Amino acid sequence: MTGIHKTPQWQTLQTHARQMAKVHLRQLFAQDTERFERFHRRLPGLLVDFSKHWITDHTVALLLQLARAAGVEARRDAMFRGERINTTERRAVLHVALRRPKDHPLVVDGRDVVADVHGVLERVLAFAEAVRSGAWRGATGEAITDVVNIGIGGSDLGPRMAVQALGAYAAPHLRFHFVSNIDPTHMARTLAVVRPQTTLFLVASKTFTTQETLANAHAARAWFLQQATEADIPRHFVAMSTNTEAVRAFGIDPANMFEFWDWVGGRYSVWSAIGLSLAIAIGADKFREFLAGGHAMDEHFATAPLQDNIPVLLGLLGIWYRDFFGLGSYAVLPYDQYLEQFPSYLQQLDMESNGKGVTHAGLPVAYPTGPVLWGQVGTNGQHAFYQLLHQGPDIVPCDFLAPREPLHPLGDQHHMLLANFLAQTEALLRGRTLDEARASLHHLPEEERERLAPHKVFPGNRPSTSIIYDRLTPWTLGALIALYEHKVFVQGVIWDINSFDQMGVELGKELAGALLPELVSGESLGEHDASTLGLLRYLRGDD
Ligand code: F6P
């Protein structure tokens, strides 16, 4: 493919961006009373407002032309058909198959992957129900009280975020812990609050070779064996992995392993057996609702015309800011305490997928790709970094998420939450001019007014998307995750990068492997830069 930046669609957008840079969002709203009507979309239980963006009808038309020129629809269809669109690893990308109903077969390389998915799903859900109900007992006959998921990256962030997000539906008699960090503090602090007789360890690793996870799993097993025997392990350790041999080598009977497949990327794996902790927390029916929410978004993404296709529209808006205005930072701000970990979940989804520097053909990309994604729940963020969002020199496009209804009504607090959410998006859009700032200080003497007024100016014109869902249910969470997955997909297609590998994490892993013996055994030091050598010597106590 010719570089997307060389297409007429891209170049027309560049010209258009220069014009749009001169227009303030205030003007766009003043000129067009129908703006909200035209620039919002609804799905059952969900409203997405993208009217507070630097766009006109013309902008959207041009962006949609760019999507067509990049072949977004063809690539999307190829993903849903199970083609090997993960080009570097020559793999299909089929997390969408994980949430497909049983009666929608998908044959890839002569095999119905949906039948395989449902085979494992039945086992996962039956096991989850047994743990929840107390039918699954520890080796001493006691019921499980604590579930410890040991995993990192996609084998941690998805289940960790979802168990928290769906806390309102979780079994109250079970506690969930997520140990990911190689820092021994993480495991030590967890083991300090659980008992071996009543703890179930879920060792979650797609490859079952990840250093952090294996070290933590070994530590957990050693701790467990202080008060139990090898024969007790099957009641307290299960694995979720694609690597049967490594699971067996670790000492977990493959009968206690829940399988998934190489076509499930780690950051897309919460829907697979990796979601076992979530299934235990919310139970089989709610887990199925979670899958159904993801599937509903898949159907929307697969079939809605591009101009109504929410992941496509949100993906294009991200491209608009990143590539035509050079904005490198992007914030996700949930006004929902249950979504506290959603931004860090999205960090892996977005940044590990699209933080890439070469095209499918291995050529350096000639345009910016994935932005830095970050965020925090409102209103906490308001009292921390919103100052920069409103008055800092950098413009950060934001996604605001909020539920229409609270799960825990408490006086008028939900309305207060929503008022804050609305106020922030409005303030970002509108800002406050110098004259307005002066007017707001009318009670002060003129000299004082003039001194303070510039500090109270807000430039405004800061774009945001508002995503409102009825209430955070398993279905809604499933739909929201899939929405972001597909948004990231659309952007990867336009950038012509492989969103499904993660080679950028490898070099650090290799170097850590080489550094470990130098650090521990006092071996002679290999070749390092002077800084690394100095730090190594200091850590070893050489000088
Ligand atoms: O950090 C790289 C990575 O490969 C992620 O993509 C993945 O989610 C994580 O490590 C954990 O991998 P695994 O599930 O194989 O332990």
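Guide: One term to begin with: Ala, Val, Leu, Ile, Met, Phe, Trp, Tyr, Cys and Pro count as nonpolar, Asp, Glu, Lys and Arg as charged, and the others, Gly among them, as polar. By those classes, the lining of the largest pocket has ten nonpolar, 13 polar and nine charged residues.

Visitor: What kind of model is it?
Guide: It is a predicted model: local features need pLDDT of at least 70, side-chain atom pairs count only at pLDDT 80 or more, and totals for chains, interfaces and linings use all residues. Residues are numbered from 1 along each chain as its sequence is written, and side-chain values use heavy atoms, with hydrogens and water left out.

Visitor: How do you tell a pocket from a cavity?
Guide: Both are found on a 1 Å grid over the protein atoms alone. A cavity is a set of points where a 1.4 Å probe fits but cannot get out. A pocket is an open set with protein on both sides within 12 Å along at least five of seven lines. Lining residues have an atom within 4 Å of a point.

Visitor: What is the volume of the largest pocket?
Guide: About 760 Å³. A volume here is the space filled by probe spheres set on the points, with grid points joined across faces, edges and corners. The lining has 32 residues, and Thr210, Gly266, Glu352, Gln502 and Lys509 are the closest to the pocket centre.

Visitor: Which elements give two or more residues to that lining?
Guide: α9 (211-225), α13 (342-354) and α19 (506-520). Helices (H or I, at least four residues) and strands (E, at least two) are DSSP runs, numbered from the N terminus.

Visitor: Where does the ligand sit?
Guide: In the largest pocket. The test is that more than half of its atoms lie within 2 Å of the grid points.

Visitor: OK, the second largest pocket. What lines it?
Guide: 19 residues, with Gln337, His408, Gln413, His414 and Leu417 nearest the centre. The space is about 460 Å³. Helix α15 (residues 413-430) gives the most to this lining, four residues. The classes are ten nonpolar, seven polar and two charged.

Visitor: How many cavities of 30 Å³ or more are there?
Guide: Three in the whole structure. The largest cavity holds about 200 Å³ of space. Its lining has 19 residues, with Leu317, Gly318, Tyr330, Pro397 and Lys487 nearest the centre.

Visitor: Which element gives the most there?
Guide: α12, with six residues. Elements that each supply at least two include α12 (310-324) and α18 (474-495), as well as strands β10 (329-334) and β12 (398-403).

Visitor: And the second largest cavity?
Guide: About 90 Å³ of space. The lining divides into ten nonpolar, one polar and one charged. Among the lining residues are Trp261, Trp271 and Glu259. The largest share, four residues, comes from α6.

Visitor: Switching to backbone. Where is the cis peptide bond?
Guide: Between Gly378 and Thr379, with omega about 5°. Thr379 is in the loop between β11 (372-375) and α14 (386-391).

Visitor: Which non-glycine has a positive phi?
Guide: Arg90, at about 50°. Arg90 is in the loop between α5 (72-81) and β3 (107-108).
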